[in-house]
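Here are a few notes to read with the model open beside you. Take them one point at a time.

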Amino acid sequence: MKKWIWLAIPAALAAVIVLLPSENVRSAFFTSENQPTLVIDAGHGGFDGGAVSPDGVTEQGINLRIAQSAEALAGFFSIPTVMTRTDEGALNYDEGKSIRENKVADIRERRRIAEETENAVFLSIHLNKFEQSQYHGAQVFYSPNDPRSKALAETLQATLVSQLEPDNQRAAKKAANTIYLMKKLECPAVVVECGFLSNPAEAEKLQQPEYQKQLALCIIGGWLACQGEFS
């Protein structure tokens with residue numbers, strides 16, 4: 001178990017008590033055999049760095065660290081997980097192919113992993129960017145293909161706001177039809193945009209390991225709070 005998890009256990013326990021109705025606290029630890037598996041997807045990777053901060057930091061590494069923290073915390077609560085990527089590389093990368101071909105191969109591999117995972121819930125972690133630097137705040141988007149996606153997105157959004165960003169006025173939204181995985185996956189699926197790299201203050205926070213762990217705690221806490229929708 002990673003060292004930080006030992007330090008996070010008291011906070012994790014407190015978060016579960018705060019986030020879950022009392023009758024669900026016990027079920028967070030004593031799970032059923034048919035509980036869903038979280039497919040934790042760290043967006044981008046390798047040649048595809050994703051959004052870039054004003055000082056040149058790409059989102060791919062931050063996404064991975066948040067995803068790894070979420071996976072470790074999920075393990076503490078005995079939540080089954082699958083990671084789409086576990087390192088800095090892209091999926092199914094072939095240096096002999098074009099950028100477009102590699103992007104297609106990467107996104108199709110993420111889809112394959114989700115579709116081949118029994119009772120999957122797809123949870124993709126990304127960072128946002130906008131031309132105007134004043135925009136900030138996490139926002140969760142959901143697939144329209146399974147009604148439970150909306151319930152999960154709304155719970156995750158509420159958890160991020162209540163536990164981490166009380167001034168965040170954003171609401172969970174249906175994903176645009178152009179987001180391939182949200183369009184194609186039939187399982188419950190959400191994208192968690194954890195903040196804006198284009199906002200200097202938020203970009204600085206997003207690079208801090210402690211803030212990344214807090215985001216992971218909100219994500220897993222939100223999932224635990226929403227498990228009743230999936231039973």
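**Notes on a strand and its neighbours**

1. Start with a pair: Ile40 stands opposite Leu123 in E3. This is a predicted model, where local features need pLDDT of at least 70 and side-chain atom pairs pLDDT 80 or more, while totals for chains, interfaces and linings use all residues. Residues are numbered from 1 along each chain as its sequence is written, and side-chain values use heavy atoms, without hydrogens or water.

2. E1 and E3 run parallel, joined by six bridges. Strands here are DSSP runs of E with at least two residues, helices are runs of H or I with at least four, and both are numbered from the N terminus. Two strands count as paired if DSSP finds at least two bridges between them.

3. E1 also runs parallel to strand E2 (residues 81-83), with three bridges. Across that pairing, Leu38 stands opposite Thr81 in E2.

4. Now look at the faces. In a regular strand, side chains alternate between the two faces of the sheet. In E1, Thr37, Val39 and Asp41 are buried on one side, and Leu38, Ile40 and Ala42 are buried on the other.

5. Last, E1, helix H3 (residues 59-76) and E2 form a right-handed β-α-β unit. Right-handed means that, with the strands pointing away from you, the path from the first strand over the helix to the second runs clockwise.

Methods: Buried means under 20% relative accessible area, exposed over 50%, partly exposed in between (1.4 Å probe, protein chains only).
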